[in-house]
Amino acid sequence: QAELVESLKERVKNASAGEKEQLVKQKLEAELVLLREQLERRNLDLALRDEREDLLRAELDELKESGSGEGSNDIIEKLKALEVVYTAYHPGAGHITMGSNDIYQYAENPISYVASKCFVTEEHYRAWLDHYDNPCCRYRESDGSLCGKQLEKISSPSEFELGSDDRCKAHAVGNE
C-alpha cells in the first residue's frame, strides 16, 4: 500500500487535470487503507496487552490464594532475590518498570498505579485516556448529544486540563 501511495503521488505530478482528480482519489483511498491497517494493528496490540495483563492478574490472584506464607511468597522472594524487574507500557507514562514490591499494587489497580506515576489522580488519568484515544469535544448538548468536534491531542496527562483540553473553544468551561 505504501508503494502504491508513492507511485500514485508520482503519477499525480505528471497527470493532466482530468486524470489528477481520479489519481488523487485513488491515493486517498490507498492512504485510508494504510491508516485502517495501522488502527487494526494497534487495536490488536491493545487487546494482546490487556489479555497479558488479565493473565498476570489472574496468576497473581492464584498465587495469593494458593498459599499463606510459603507458595506465593516463596516465588515472590525468589523473584526478588533474582532482582526481576517487571515492565508495563501505558499511554502517557510510557514503559513503567516495577520491582517485586510494586507488582501487587500494580496488579490491584493498574490505572491508579499509572496515574500516580504521571502525578495525576486516577479520575484525571481516565479522562485524559478518553481524550487521548479520541480527542474530541466532550461537551453534552441539552438533548444529551455530544459536540464531538475534533481537538488537538494532548500527549501528556499532566498537561491535560479537564474542561479546557477536552472541549472546543465554544464549549470550554466558562464559554458554554
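R126 has a relative accessibility of 41% and therefore counts as partly exposed, a class that lies between buried (under 20% relative accessible area) and exposed (over 50%), with a 1.4 Å probe and protein chains only. This is a predicted model, in which local features need pLDDT of at least 70 and side-chain atom pairs count only at pLDDT 80 or more, while totals for chains, interfaces and linings use all residues. Residues are numbered from 1 along each chain as its sequence is written, and side-chain values use heavy atoms, with hydrogens and water left out.

**Salt bridges**

Side chains of opposite charge can pair when their charged atoms come close. The structure holds four salt bridges, each defined as a side-chain nitrogen of Lys or Arg within 4 Å of a carboxyl oxygen of Asp or Glu.

| Pair | N to O distance |
|---|---|
| R49 and D50 | 3.4 Å |
| D54 and R57 | 3.4 Å |
| E122 and R126 | 2.9 Å |

R126 has E122 as its partner, and both residues lie in helix 6 (residues 122-133), four residues apart, or about one turn of the helix. Helices are DSSP runs (H or I, at least four residues), numbered from the N terminus. E122 is partly exposed at 26% relative accessibility.

D54 and R57 are three residues apart in helix 2, so about one helical turn separates them. D54 has a relative accessible area of 47% and is partly exposed; R57, at 21%, is also partly exposed. Together with E53, D54 and R57 are linked in a network of salt bridges. In the pair of R49 and D50, D50 is partly exposed at 36% relative accessibility.

**Negative surface patch**

E59, D61, E62 and E65 gather in a patch of negative charge on the surface. Patches of this kind consist of residues with over 30% relative accessible area and no salt bridge, like charges being joined within 9 Å. Asp and Glu count as negative, and the place of the charge is taken as CG of Asp or CD of Glu. D61 lies in helix 2 (residues 17-66) and is partly exposed, with a relative accessible area of 33%.

**Cysteines**

A disulfide is a pair of cysteine sulfur atoms within 2.5 Å, and by this rule the count is zero. C168 is in no disulfide, the nearest cysteine sulfur being that of C137, 3.7 Å away. C168 counts as buried, with a relative accessibility of 6%. C118 is likewise buried, at 8% relative accessibility.

Methods: Patch = residues over 30% accessible without salt bridge, like charges linked within 9 Å, V, L, I, M, F, W, Y side chains within 5 Å. Areas by Shrake-Rupley, 256 points an atom, 1.4 Å probe, with all protein chains shown as cover. Helix = DSSP H or I, 4+ residues; strand = E, 2+ residues; numbered from the N terminus.
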